[in-house]
Each structure stands twice: as structure tokens, then as C-alpha cells.
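Me: I am new to this structure and would like to know what stands behind the terms used for it. Please set each value against its definition.

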Amino acid sequence: MAEGPGGSILMFGGADKEGPLTDTWIFSAGAWKQARPATPPRATGAYAMAFDEKRGVSVLVGLDMSIHEWDGSDWRQVKTPASPPLRSEFSLSYDPGLGAM
């Protein structure tokens with residue numbers, strides 16, 4: 001979970017008894033609503049997420065080090081020339097002093 005655009009709270013994924021999930025939920029105005037994005041990230045089982053205040057998007061990093069951004073209505077995969085090696089138990093945060101993740 002992380003802050004989402006417009007001061008909402010954004011939740012992606014998790015797991016149930018069947019395995020990893022790819023659903024997106026938004027908490028706003030005191031209620032949860034399931035979003036129906038056209039391009040959800042694939043289920044990797046673990047994620048880190050933070051809100052990029054400068055760009056107004058939530059950034060999600062999967063266990064496979066894939067990066068996706070939520071703009072308030074859909075996910076967009078971000079391709080990078082390089083990424084860290086695969087890992088588990090990682091986190092992500094925004095530094096307002098640097099204006100960067």
C-alpha cells in the first residue's frame with residue numbers, strides 16, 4: 001500500500017489461498033473501491049510501493065524488479081536500462097528533499 005494520486009490510498013496485489021493477486025484497490029472518502037485497470041502488473045507475490053510526489057504517480061516495484069506506475073486510472077510498465085538483482089524483503093520511499101525515489 002502507498003499514497004495514491006489525490007490523497008487516496010492505493011493497494012495492489014497480495015495473496016489469497018489460490019496464490020498471488022493482481023487486483024488494484026483505492027481507499028478514498030472513507031471507502032474502498034476496486035479499480036479495473038486495463039494493464040495490471042503481473043503477480044510476483046511481493047512488491048514495494050511509494051508515491052512520487054513530484055510526478056504525482058504511485059511507483060510499484062515487483063519481486064522480479066519490474067517497475068510500474070499508477071496514474072490514477074491505469075498501470076504503465078516502465079522500462080529501465082538496468083535494475084538491481086532480484087531480491088526479496090525490499091522497500092521503496094520518496095525523498096521530498098531530493099524530489100526522487
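Me: Which residue in β6 is the bridge partner of Phe27?
Reply: Trp32 is the bridge partner of Phe27. This is a predicted model, in which local features need pLDDT of at least 70 and side-chain atom pairs count only at pLDDT 80 or more, while totals for chains, interfaces and linings use all residues. Residues are numbered from 1 along each chain as its sequence is written, and side-chain values use heavy atoms, with hydrogens and water left out.

Me: Which strand does β2 join, and over how many bridges?
Reply: β2 (residues 9-12) is joined by four bridges to β5 (residues 24-28), and the two run antiparallel. Within β5, Trp25 stands opposite Met11.

Me: How many helices and strands does the protein have?
Reply: There are zero helices and ten strands. Both are DSSP runs numbered from the N terminus: a helix is H or I with at least four residues, a strand is E with at least two.

Me: Why is the protein called as compact as a globular protein of its length?
Reply: Its radius of gyration is 13 Å, close to the 13 Å that the globule rule gives for 101 residues, so the description holds. The radius is taken over C-alpha atoms, and the rule is 2.2 Å times the number of residues to the power 0.38. Along the principal axes, the C-alpha atoms fill a box of roughly 35 × 35 × 25 Å.

Me: What is the order of the strands in the open sheet of four?
Reply: The order is β7-β8-β9-β10, with antiparallel pairing. β7 (47-52) and β10 (75-78) are the edges because each has a single partner strand, which leaves one side of each without a neighbour in the sheet. On average, neighbouring strands here are turned by 25 degrees against each other, direction ignored; axes are lines fitted to C-alpha atoms, for helices over the stretch in contact, and angles run from 0 to 180 degrees between N-to-C directions.

Me: How many bridges join β8 to β9?
Reply: Four bridges join β8 (residues 57-62) to β9 (residues 67-70), and these strands run antiparallel. Val59 has Glu69 in β9 as its bridge partner.

Me: Why is Ser66 called buried?
Reply: Buried means under 20% relative accessible area, exposed over 50%, and partly exposed in between (1.4 Å probe, protein chains only). Ser66 has 15%, so the residue counts as buried. Ser66 is in the loop between β8 and β9. Leaving out residues up to four places away in sequence, Ser66 touches Leu60, Val61 and Gln77, where contact means heavy atoms within 4.5 Å.

Me: Why is Arg36 called exposed?
Reply: Arg36 has 68% relative accessibility, so this residue falls in the exposed class. Arg36 lies in the loop between β6 and β7.

Me: What makes the pair Arg36 and Gln34 a polar contact?
Reply: The side chains are joined at 3.3 Å. A polar contact is a pair of N or O atoms within 3.5 Å; within protein, one must be able to donate a hydrogen and the other to accept it, and residues adjacent in sequence count only if both atoms are side-chain atoms. The side chains of Ser66 and Asp64 also make a polar contact, at 2.7 Å.

How values were computed:
Pairing = 2+ DSSP bridges.
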